Amino acid sequence: MVSTRILCIGDAAHAMSPIGGVGINLAIQDAVAAANILAGPLSKGAVKVDDLRKIQRRRQLPTRIIQSGQVFVQNRVISRVLGKSQPEPVPLPWIFKLLRRWPFLRRIPARLIGVGVRPEHVRTPDVYHGK
């Protein structure tokens, strides 16, 4: 929800599971995206609701992808392990078998967790204004 008086980012905008420790990554990326998008309007003293909507649109897809990945890990791995009263082997999900079989694929989840789905880079106001 977009308000004209408040901008929520990170866990205030989208609750994250601690799985993978990606919540802080998303919060920082939200902050960078917000700074990049709002640099121009703030310098002119005129932030509009549409500017806030741009931030929401930019960060919505990465957030949903990461949250879906966390739900997958929770449902396919963690709940199986924690739900057992007696320790017994838990079958490895197919995605982990794939990563074990082709180690070069391990870069993909590592990049998604470490860098994010849509990495954000700080742009200076000069870059923002196309100078």
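Leaving aside residues up to four places away in sequence, aspartate 30 touches Ile9, Gly10, His14 and Arg59, where contact means heavy atoms within 4.5 Å. The model is predicted, so local features need pLDDT of at least 70 and side-chain atom pairs count only at pLDDT 80 or more, while totals for chains, interfaces and linings use all residues. Residues are numbered from 1 along each chain as its sequence is written, and side-chain values use heavy atoms, with hydrogens and water left out.

Aspartate 30 lies in helix H1, which covers residues 23-44; helices are DSSP runs of H or I with at least four residues, numbered from the N terminus. Because its relative accessibility is 4%, aspartate 30 counts as buried, a word that here means under 20% relative accessible area, whereas exposed means over 50% and partly exposed lies in between (1.4 Å probe, protein chains only). The side chain of aspartate 30 also reaches the backbone nitrogen of glycine 10, at 2.9 Å.

Alanine 13 belongs to the segment before H1, and because its relative accessibility is 43%, alanine 13 counts as partly exposed. Although alanine 13 and aspartate 30 are 17 residues apart in sequence, they are 9.4 Å apart in space, C-alpha to C-alpha.

Arg59, which aspartate 30 touches, is one of the buried residues of H2, and these also include Asp51, Leu52, Ile55 and Pro62. Among what covers the buried residues of H2 are H1 and helix H4 (107-114). Helix H2, residues 49-82, has a kink of about 40° centred on glutamine 74, the bend at a residue being the angle between axes fitted to the seven residues ending there and the seven starting there.

Technical notes. Helix = DSSP H or I, 4+ residues; strand = E, 2+ residues; numbered from the N terminus. Polar contact = N/O pair within 3.5 Å; in protein donor to acceptor, adjacent residues only side chain to side chain.
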